[in-house]
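This briefing goes through a structure by topic. Please keep the sequence and the model open while reading.

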Amino acid sequence: MKIHLKTPLGIAKISGSKEGISEIKILEDTQQLTSDVPGELLPAVEQLEAYFRGELKDFNLKLNLEGTEFQKKVWNALLKIPYGTTVSYLELSKQLGDVKAIRAVASANGKNPLWIVVPCHRVIGSDGSLTGYAGGLHRKKWLLEHEGVLTQQSLFN
């Protein structure tokens with residue numbers, strides 16, 4: 001089952017089943033919003049809305065991650081990045097035990113199926129730059145500002 005939810009950053013598609021949430025994705029096109037939310041997806045809707053209101057820092061959802069073992073390893077590492085902090089791709093590669101896997105880590109990061117919940121937006125370049133983000137760098141910047149990591153001016157100094 002899936003629904004479409006309006007967020008401050010656009011329309012998000014939320015998909016899942018009784019096994020858990022399998023996808024939260026920001027869409028570039030407009031979709032008709034969902035008024036009837038199935039019970040299995042209601043926690044995701046409520047928690048995303050609370051996150052955007054600034055009332056939630058840690059998601060507590062039943063997840064159904066679908067990907068390779070390596071991708072799941074990266075996504076599970078992303079889940080450990082605390083709200084309001086960032087790590088570099090290099091740091092993340094080191095945490096996963098292979099500094100040379102930086103490109104594979106970046107690739108898995110880019111294939112993250114759970115926008116915001118698995119916080120791939122918290123991964124930045126070693127020099128502090130906002131590198132690659134599947135949802136667009138303007139959204140990554142917004143999310144990091146929302147979490148207090150960046151201020152408007154820090155990007156231009």
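Helix α4 spans residues 102-110, and its buried residues are Val105, Ala108 and Asn109. Buried stands for under 20% relative accessible area, exposed for over 50% and partly exposed for the range in between, with a 1.4 Å probe and protein chains only. The model is predicted: local features need pLDDT of at least 70 and side-chain atom pairs count only at pLDDT 80 or more, while totals for chains, interfaces and linings use all residues. Residues are numbered from 1 along each chain as its sequence is written, and side-chain values use heavy atoms, with hydrogens and water left out.

**Helix α4**

- Seen down the axis of α4, the buried residues fall within an arc of 105°, so they line one face of the helix; the arc is that of the directions from the helix axis to the C-beta atoms.
- In general, an α-helix has 3.6 residues a turn, so residues three or four places apart point the same way.
- The cover over the buried residues of α4 includes α2 (69-78), α3 (89-95) and β5 (123-124), where contact means heavy atoms within 4.5 Å.
- Helices (H or I, at least four residues) and strands (E, at least two) are DSSP runs, numbered from the N terminus.

**Asn112**

- Asn112 sits in the loop between α4 and β5 and is buried, with a relative accessible area of 12%.
- The side chain of Asn112 reaches the backbone nitrogen of Leu114 at 2.9 Å.
- Apart from neighbours within four places in sequence, Asn112 is in contact with Trp75, Val118 and Cys120.

**Three-stranded sheet**

- Three strands form an open sheet in the order β1-β2-β3, with antiparallel pairing; two strands pair if DSSP finds at least two bridges between them.
- The edge strands, β1 (2-7) and β3 (20-26), each pair on one side only.
- From one strand to the next, the twist averages 25°.
- Strand β2 (residues 10-17) pairs with β3 in the antiparallel sense over six bridges, and Ile14 stands opposite Ile24 in β3.
- Helix α1 (residues 42-52) lies across β1, β2 and β3 and runs at about 15° to β1. Axes are lines fitted to C-alpha atoms, for helices over the stretch in contact, and angles run from 0 to 180 degrees between N-to-C directions.

**Aromatic pairs**

- The structure holds five aromatic pairs. Rings of Phe, Tyr and Trp (its six-membered ring) pair if their centres lie within 6.5 Å; planes under 30 degrees apart count as stacked, over 60 as edge-to-face and the rest as tilted.
- The ring centres of Tyr51 and Phe52 are 5.3 Å apart and the planes stand at 80°, so this pair is edge-to-face.
- Tyr51 and Phe59 form a tilted pair, 5.6 Å centre to centre with 35° between the planes.
- Tyr51 counts as buried at 0% relative accessibility, and Phe52 counts as buried at 14%. Phe59 is buried as well.
- Ring pairs link Tyr51, Phe52, Phe59, Tyr83, Trp115 and Trp142 into a cluster.

**Leu130**

- Leu130 is found in the loop between β5 and α5 (137-146) and counts as buried at 18% relative accessibility.
- Leu130 and Lys140 are ten residues apart in sequence and 7.5 Å apart in space, C-alpha to C-alpha.

Key:
Polar contact = N/O pair within 3.5 Å; in protein donor to acceptor, adjacent residues only side chain to side chain.
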